[in-house]
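Please examine the model below with attention to its surface, its pockets and its backbone geometry.

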Amino acid sequence: MNQGTVVITAILVLLTVAIPRKYLLLPLIIAACFVPADQRIIIFTLDFTPLRMLILAGFLRVLLRGEQLTFKWNRFDKRVLLWAGTGAVVYVIQWLDMRALIYKCGVLFDVIGLYWLFRINIKCWEDIEEVIKFFAICSLVMTVFVVLEYTTGQNPFVVLGRVRTWVREGRYRCQASFPHSIMLGLFWATLIPLFVGMAKRVKRQKNLFWLAAVASAWIVLATASSTPMLTLLAVLCLLPMFRYRYFG
């Protein structure tokens with residue numbers, strides 16, 4: 001982990017511990033969007049990425065402050081746990097290797113840890129709106145970096161990690177802080193329905209959400225990757241059908 005990433009991670013950890021609970025998820029969102037995932041500290045063969053450190057900091061904060069630890073389980077919670085657990089078991093059985101077991105334990109920690117932190121902090125529509133607003137602001141900031149990468153072919157996040165910009169058929173495949181252009185595109189493509197839905201639901205700040213939807217769509221196009229583009233196409237085709245979800 002280079003010095004820049006260490007400083008940013010330290011600041012985000014301190015924020016996670018110190019800021020009001022209303023903004024607890026903000027450092028996690030910033031890390032997921034802007035800190036390269038290839039950066040990590042290895043301790044006894046265990047990888048500690050910046051996001052994983054923030055999850056640990058979130059656990060410690062909740063425990064030390066005596067904040068709410070549990071929530072009432074519903075069917076969706078059980079499905080998330082089943083999905084994560086099944087994927088881990090299948091992966092380990094497929095490889096039958098201790099490294100596979102250690103890797104999947106780390107992935108389970110990330111998935112379940114993030115889900116738990118979001119779950120105990122999102123309790124009403126106002127909380128949902130706040131989280132989506134954080135993502136919307138991040139999308140606009142990310143667009144600036146992707147524009148720089150798209151126009152120059154130089155990834156601005158190279159100062160924080162080993163990311164780069166690939167070229168295919170004369171087009172830059174922007175990836176920003178993500179491990180691959182496909183992951184960058186899929187991340188923002190799947191957020192577009194949330195931005196559009198929130199823009200239609202709220203009267204205040206609806207322009208922010210519309211701008212975020214447009215910015216996210218542009219980021220997808222800048223990846224020059226077919227999988228995110230097909231996902232964007234599916235989103236654009238399915239969004240108008242959402243109103244008919246109760247028919248049939």
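The questions and answers that follow concern a predicted model.

Q: Is Phe 247 buried or exposed?
A: Phe 247 lies in the segment after α10 (226-238). Together with Leu 238, Met 241, Tyr 244 and Tyr 246, Phe 247 makes a nonpolar surface patch of about 680 Å². Its relative accessible area is 64%, and a residue over 50% counts as exposed. Phe 247 is therefore exposed.

Q: Which element gives the most residues to the lining of the second largest pocket?
A: The second largest pocket holds about 190 Å³ of space. Its lining receives two or more residues from each of α5 (98-121) and α6 (125-152). The greatest contribution, five residues, comes from α6.

Q: How many charged residues are in the lining of the second largest pocket?
A: The lining consists of 13 residues, and those nearest the pocket centre are Arg 21, Lys 22, Asn 121, Asp 127 and Glu 130. By class, six lining residues are nonpolar and one is polar, while the number of charged residues is six.

Q: Is Ala 176 buried or exposed?
A: Ala 176 is located in the loop between β4 (171-173) and α7 (181-189). Although not a glycine, Ala 176 has a positive phi of about 50°. Its relative accessibility is 0%, and the limit for burial is under 20%, so Ala 176 counts as buried.

Q: What is the phi of Gln 205?
A: Gln 205 belongs to the loop between α8 (192-201) and α9 (206-222). At 34% relative accessibility, Gln 205 is partly exposed. Gln 205 is not a glycine, yet its phi is positive, at about 65°.

Key
Residues numbered from 1 in each chain as written. Predicted model: local features only at pLDDT ≥ 70, side-chain atom pairs only at ≥ 80, totals over all residues. Heavy atoms only, no water. Patch = residues over 30% accessible without salt bridge, like charges linked within 9 Å, V, L, I, M, F, W, Y side chains within 5 Å. Areas by Shrake-Rupley, 256 points an atom, 1.4 Å probe, with all protein chains shown as cover. Salt bridge = Lys/Arg side-chain N within 4 Å of Asp/Glu carboxyl O. Helix = DSSP H or I, 4+ residues; strand = E, 2+ residues; numbered from the N terminus. Buried < 20%, exposed > 50% of the residue type's maximum accessible area, 1.4 Å probe, protein only. 1 Å grid on protein atoms, 1.4 Å probe; cavity = no way out; pocket = protein on both sides within 12 Å on 5 of 7 lines; lining within 4 Å. Points joined across faces, edges and corners; volume = space filled by probe spheres on them. Nonpolar A, V, L, I, M, F, W, Y, C, P; charged D, E, K, R; others polar.
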